[in-house]
Amino acid sequence: MSTYVYGITTSSHPSLPDGMEGVGEPARQVRIIKEGDLAAVVSDAPEGLRPKRRDLLAHQNVLAETGAAAAVLPMRFGSLSPDDAAVAGVLAERADHFKERLEALSGKVEYNVKATHDEEAVLHRVMSEHPDVRALTEANRKAGGGSYDDKLRLGEAVVAAVKHREAEDAAELQRVLGPVAAAVSVGPESTGWLANVSFLVERASAEDFIAAVDEVRKGQPHLEVRLHGPLPPYSFVEPGPSEPAETHH
């Protein structure tokens, strides 16, 4: 039977959640595989596991329980290994990497920040920042809406100005929040968000990070900023801050 892996931690972890319930229906018992200085938090893998709400929550609960007392490298939902021996083999083979990551993530949590534009507010901002767009708008208004070509030209100018603003706002978000974080990981671009960035934050200074996010909201009222966290540091398992970040095309 395959082994389901929740996360990796040290074998000296003070409160490994041996025996708690994990994924599956009926829920599989969580157990610990120790190999040298490392330990994997695992259970038997249920057949045909799908990301249902109950199982996603069970995965998160095991990680929350494990991560409450000491650092844990969280695995993504659905991480499977052929068997316990294979898990122990990976722990032995990549021991140095896992130890370095555990040290880097000790006492830290992840916050994910997504931002998008308030459409009306960003149009006001674009008008105030781009006299050429304002002049085109005014000329079209005076001409009773303007010709098809005039409207097209104005539309293109507005789209270009908003795109420019998106890039500037995404950079500004990282410029303000980056210094309050230990590391930054830019997520894949997704439709609807001008920024999708994860920050590794010292648990002890999480309030400072949340305050910095609030400052961004106040200072940039044309932005809608969503904050998710604290989360297990999924985005920082690898590559780590000590390694070059992956580039997303």
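Which exposed residues does the face of H2 turned away from its buried side carry? They are Ala-85 and Glu-93.

## Model confidence

This is a predicted model. The chain averages a pLDDT of 86. At least 70 is the score for 96% of the residues. Residues 239–249 fall below 50. Beyond near neighbours in sequence, that stretch has 12 contacts in the model.

## Helix H2

H2 spans residues 84–93. Its buried residues are Val-87, Ala-88 and Leu-91. These sit on the same side of H2, because they cover an arc of only 95° around the axis. An α-helix has 3.6 residues a turn, so residues three or four places apart point the same way.

The buried residues of H2 have several packing partners. Four are strands: S1 (3–10), S2 (31–35), S3 (38–44) and S5 (80–81). Helix H3 (95–105) also packs against them. On the face turned away from this buried side, Ala-85 and Glu-93 are exposed.

## The second largest pocket

The second largest pocket has a volume of about 260 Å³. Two or more lining residues come from each of helix H1 (53–67), strand S6 (108–117) and strand S9 (223–231). H1 gives the largest share, 3 residues.

By class, the lining has 13 nonpolar residues, 2 polar and 2 charged.

Note on methods. Residues are numbered from 1 along each chain as its sequence is written. This is a predicted model: local features need pLDDT of at least 70, side-chain atom pairs count only at pLDDT 80 or more; totals for chains, interfaces and linings use all residues. Side-chain values use heavy atoms; hydrogens and water are left out. On a 1 Å grid over the protein atoms alone, a cavity is a set of points where a 1.4 Å probe fits but cannot get out, and a pocket is an open set with protein on both sides within 12 Å along at least five of seven lines; lining residues have an atom within 4 Å of a point. Grid points are joined across faces, edges and corners, and a volume is the space filled by probe spheres set on the points. Ala, Val, Leu, Ile, Met, Phe, Trp, Tyr, Cys and Pro count as nonpolar, Asp, Glu, Lys and Arg as charged, and the others, Gly among them, as polar. pLDDT is the predictor's confidence in each residue, from 0 to 100. Contact means heavy atoms within 4.5 Å. Buried means under 20% relative accessible area, exposed over 50%, partly exposed in between (1.4 Å probe, protein chains only). The arc is that of the directions from the helix axis to the C-beta atoms.
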